[in-house]
Amino acid sequence: MAFHIAGIELDSRFFLGTAQYPSPEVLQLAIKASGAQVVTVGLKRQLAQGDGTGSAANDFYSIIRDTGVRLLPNTAGCRAAREAVTLAHMARELFDTPWIKLEVVGDEYTLQPDPFELVKAATELVRAGFEVFPYCTDDLVTCQRLLDAGCRILMPWGAPIGSGQGLLNPHALRTLRARLPGVPLIIDAGIGSPRDAVQAMELGFDAVLLNSAVAQAHAPVQMAHAFKLGIEAGRLAFEAGIMAQQAMAVPTTPVTGRPFVL
Amino acid sequence: MRVGIAGAGLLGRLLACKLAAEGVQVDLFDPAAGPAARGAAGWTAAGMLSPVAELESADETVFALGMRSLALWPQLLATLDQPVTMQQRGSLLLAHRGDEGAARRVVDLLMLKAAAEYAPQPLTAAALNELEPALHGAPYAWLLPQEGQIDTVQAMTAMTESATRRGVRWHWQTPVSLLSASCLQTQSQTHHFDHVFDVRGTGAGDQTGAHGKRVRGVRGEIFWLHAPGVRLQRPLRLLHPRHRVYLVPREGDLIVVGASEIESEDRSPVSLRSTVELLAAAHSVLPELAEARLVHSETNLRPALPDNLPRIEQSDGLTRINGLFRHGWLIAPALVEDALRGLWHGSTTNPLLNSEFRDVPR
């Protein structure tokens, strides 16, 4: 099951978000139950300091780090390329990682990515040596532009962040997978139930990133485990080759010659 | 008996009042400039007494402590020299049309965690209008009839006055650097007592006790609106897809609006984002607030342990209480009662508060 992202070998195809849990301790347990090796962390509000200096981050990040996972800082909350680039540089310094999940929001209601600002920020960050994980829509051309900008990984959405609506446009996602073979594609946002994660993996996506579906479950730790199993099942099914559907029933045991069967 | 208390926040003042009333000589140490300096999180809290609504993120331990405290507060306040406003008219959960999904996430969780008798009661538009005629625009409403509120500023002040009258000695601008059994160290000297309480909240830093869990500060921001003529009878929470917003009426035509919850120890003034989000949400359910005046805003840090649950640790000569997080006013009286029972009757750590984390509340 091992695969590579940005030159790193990972066993788990489950990327987990770290917001909205009942407590850091529940988050810690959920990370363990998920088997995730990469978790995203928000920065914008946590690092903001009134006087503009340094960071007032509390113990939250070290509690996450204690689980031994790799951190993928994100630029959630940014609305302009410049803002996201500044935050990415702060994240690199603070967490000592070139990885950045690039989010640049274009619409406040749907929180959908602004493709223009995203490509602009990605271009600049790749040039500055970052490994950019851009959160994008499922639009093929935007994805191609991001690859042109030097991104090696793409994170198309399944549905708006936190909405739990699942994969709203499987057709677009299938197109992405077919047209961008060899590019690691991670479904990010919109996953509601493990069923959605199974579907994403069966479509051939390399991994799934989600947060609310686990954090807001009644029992987050148990749900993290459910998603782990779903993601593994979906990937195994994809690799095993899912048989095509057909209209006519086919018996699994021959019936010819048996009495009373019409 | 002589007792030393490190930390003059809600717990420190409550302990001082109770102990002094029993004839104990109490010395209280705090880095704050004076009795009215608002460093302690208890000053900033809106004072909602919401054991049921808090089940969204808390567990049944906090619920049980909260229910006990609701009964204890009136007795406690009756012993103070100054009046403190406390009421128990229930609280409301509200949701806008279009936000049904967000509301259901919370209400379903409360239904699952709370016993049937405490479950949120759905209200018709007519019933809501009768309870709170000023509310508009949020057609989905639930009543939590047991819940209440306390005026935190009045209570902090009244506890200080009563403790002083009972002979409590205050040591302001005096941070405690180290604590051990019956012993408390400040910068200049070591003090010896029969028993020492560590109730410093975020001020405890690394020294939170034998369990080895560090206390962290969680930033919260609130606003005071002066809104004469806007009538709100009880606290309400808006179940919004992105923000948790509550409105709490307070004496003097005030409405307290809170609160952000940010994993940060930044004490600097409120941010523009929190201002816009919280106040726009408040205005969306109480349109008359448009001409209210923003008279005060405040930032503080909630002391939280990694499980966001409170903890009492008691050994010979030393009691530590910490991790009250966003539940200080909700649970303090019951926690103090448990701690003092341990002190008088020699029972050790309260088993209720040392339970290991359980994922699924059943």
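This is a predicted model: local features need pLDDT of at least 70, side-chain atom pairs count only at pLDDT 80 or more; totals for chains, interfaces and linings use all residues.
**Exercise 1.** Find where α8(B) is kinked, and set its end-to-end reach against the expected span.

*Solution.* Start with the extent: α8 of chain B runs over residues 328–345, which makes 18 residues. Next, take the expected span as 1.5 Å times one less than the number of residues. Finally, locate the bend: a kink of about 25 degrees is centred on Ala334(B). Ala334(B) is also one of the buried residues of the helix, a list including Trp329(B), Pro333(B), Asp338(B) and Leu343(B).

**Exercise 2.** Describe how chain B is divided into domains, and how they touch.

*Solution.* First, the bounds: domain 1 of chain B covers 2–80 + 151–215 + 306–354, while domain 2 covers 91–145 + 217–304. Then the contact: domain 1 of chain B gives 20 residues and domain 2 of chain B gives 27 residues. On the domain 1 side, sort by class to get nine nonpolar, eight polar and three charged residues. The C-alpha centres of the two domains lie 27 Å apart.

**Exercise 3.** Judge how compact chain B is.

*Solution.* Begin with the content: eight helices and 20 strands. The radius of gyration of chain B is 20 Å, close to the 21 Å from the globule rule for 362 residues, so the chain is as compact as a globular protein of that length.

Conventions: Residues are numbered from 1 along each chain as its sequence is written. Chains are lettered from A and ligands numbered from 1 in the order in which they are written. Domain bounds come from an automatic or database domain assignment. Two residues are in contact if their C-beta atoms, placed from the backbone, lie within 7 Å. Ala, Val, Leu, Ile, Met, Phe, Trp, Tyr, Cys and Pro count as nonpolar, Asp, Glu, Lys and Arg as charged, and the others, Gly among them, as polar. Helices (H or I, at least four residues) and strands (E, at least two) are DSSP runs, numbered from the N terminus. The bend at a residue is the angle between axes fitted to the seven residues ending there and the seven starting there. A residue is buried if 20 or more other C-beta atoms lie within 10 Å of its own, exposed if 12 or fewer, and partly exposed in between; C-beta atoms are placed from the backbone. The radius of gyration is taken over C-alpha atoms; the globule rule is 2.2 Å times the number of residues to the power 0.38.
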